Amino acid sequence: LDTLEKWVTEIFSEIPNNGLPKPSFDHLTQPFDTPEFHKLYRVVPIRKVHSLTITWALPPQEQYYRVKPLHYISWLVGHEGKGSVLSFLRKKFWALALYGGNGETGFEQNSTYSIFSISVTLTDEGYKHFYEVAHIVFQYVKMLQKRGPDQRQVIWEEIQKIEANEFHYQEQTDPVDYVENLCENMQLFQKEDFLTGDQLLFEYKPEV
């Protein structure tokens, strides 16, 4: 560590600090509030695949990184067991796979908005019924909204434990990639969370 600190000091100490705050674009509150984004778009794919993707532009969520509400919702949406959206769609032979969430990249999560998407890989029969598929997805989201998270703390704690296990037993990554990831984390999280803020869940806050 002493050697690494010496190298970093030698290499980076000459870079001047201009004292400017990190730029924020949080005054641009509704970047997607245009008629063009309240539509259905059909795109001809290159591969032979049918996919339905529903995307929401939400208020910025990056300040809630200790709670990770979108991770929690994507866990529920992406569940494949009994009572899940995918289980229901598979019984109708309409879908092969379903996943939802936020990629936590600068495009999908920033100071202006956060993106949440649900993507369903459809069968040929599911493609013929994609309006019904979309309706089922919205019904499920509405059910989650009506029931609220209060009765699901057990699920949140389950996610927390799984993420903690993955963090503690993760394979060693390439050092350059790791440093790059840490530098990005330094722009997003409090100092004590630089190493863990992008992976661990810290606080259960149902109101968030």
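Mentor: I start with the overall picture, go to the charged pairs, and then look at their surroundings.

This is a predicted model, in which local features need pLDDT of at least 70 and side-chain atom pairs count only at pLDDT 80 or more, while totals for chains, interfaces and linings use all residues. Residues are numbered from 1 along each chain as its sequence is written, and side-chain values use heavy atoms, with hydrogens and water left out.

The protein chain has seven helices and three strands. Helices (H or I, at least four residues) and strands (E, at least two) are DSSP runs, numbered from the N terminus. Their order from the N terminus is α-β-α-α-β-β-α-α-α-α. Along the principal axes, the C-alpha atoms fill a box of roughly 65 × 40 × 35 Å. The chain has 208 residues, and 29% of them count as buried. Buried means under 20% relative accessible area, exposed over 50%, and partly exposed in between (1.4 Å probe, protein chains only).

Now the charged pairs. How many salt bridges does the structure hold? There are six. The test is a side-chain nitrogen of Lys or Arg within 4 Å of a carboxyl oxygen of Asp or Glu.

Start in helix H1. Lys 6 pairs with Glu 10, and their closest N and O atoms are 2.9 Å apart. Both residues lie in H1, four residues apart, which is about one turn of the helix. An α-helix has 3.6 residues a turn, so residues three or four places apart point the same way.

Next comes a pair with a wider reach. Arg 90 forms a salt bridge with Glu 80, with 4.0 Å between the closest N and O atoms. This pair links distant parts of the chain: Arg 90 sits in helix H3 (residues 85-91), Glu 80 in the loop between helix H2 (69-77) and H3, ten residues away. Arg 90 has 37% relative accessibility and therefore counts as partly exposed. Glu 80, at 47%, is partly exposed too.

Then turn to helix H4. Glu 125 bridges to Lys 128, with the closest N and O atoms 3.7 Å apart. They are three residues apart in H4 (residues 124-128), so about one helical turn separates them. Glu 125 is partly exposed at 34% relative accessibility. Lys 128 is exposed at 62%. Beyond these pairs, salt bridges that share partners join Arg 66, Asp 193, Glu 203 and Lys 205 into one network.

What surrounds these pairs? Go back to the start of the chain. Leu 1, Leu 4, Trp 7, Val 8, Ile 11, Phe 12 and Ile 15 make a nonpolar surface patch of about 810 Å². Patch residues have over 30% relative accessible area and no salt bridge; like charges are joined within 9 Å, nonpolar side chains (Val, Leu, Ile, Met, Phe, Trp, Tyr) within 5 Å. The areas come from the Shrake-Rupley method with a 1.4 Å probe, and for residues only the protein chains shown count as cover. Val 8 belongs to H1 (residues 2-12), and its 45% relative accessibility makes it partly exposed.

Two loops deserve a check. Phe 93 is not a glycine, yet it has a positive phi of about 60°. It lies in the loop between H3 and strand S2 (95-101) and is exposed, with a relative accessible area of 63%. Glu 104, also not a glycine, has a positive phi of about 60°. Its place is the loop between S2 and strand S3 (114-122), and it is partly exposed at 40%.

Helix H5 (residues 130-147) holds Tyr 131, which is exposed at 55%. The C-alpha atoms of Tyr 131 and Leu 52 are 9.7 Å apart, although 79 residues separate the two along the chain.

Last, helix H6. Which residues are buried in H6? They are Trp 156, Ile 159, Glu 163 and Phe 167. These cover an arc of only 70° around the axis, so they lie on the same side of H6; the arc is that of the directions from the helix axis to the C-beta atoms. Val 154, Lys 161 and His 168 are exposed on the other side of H6.
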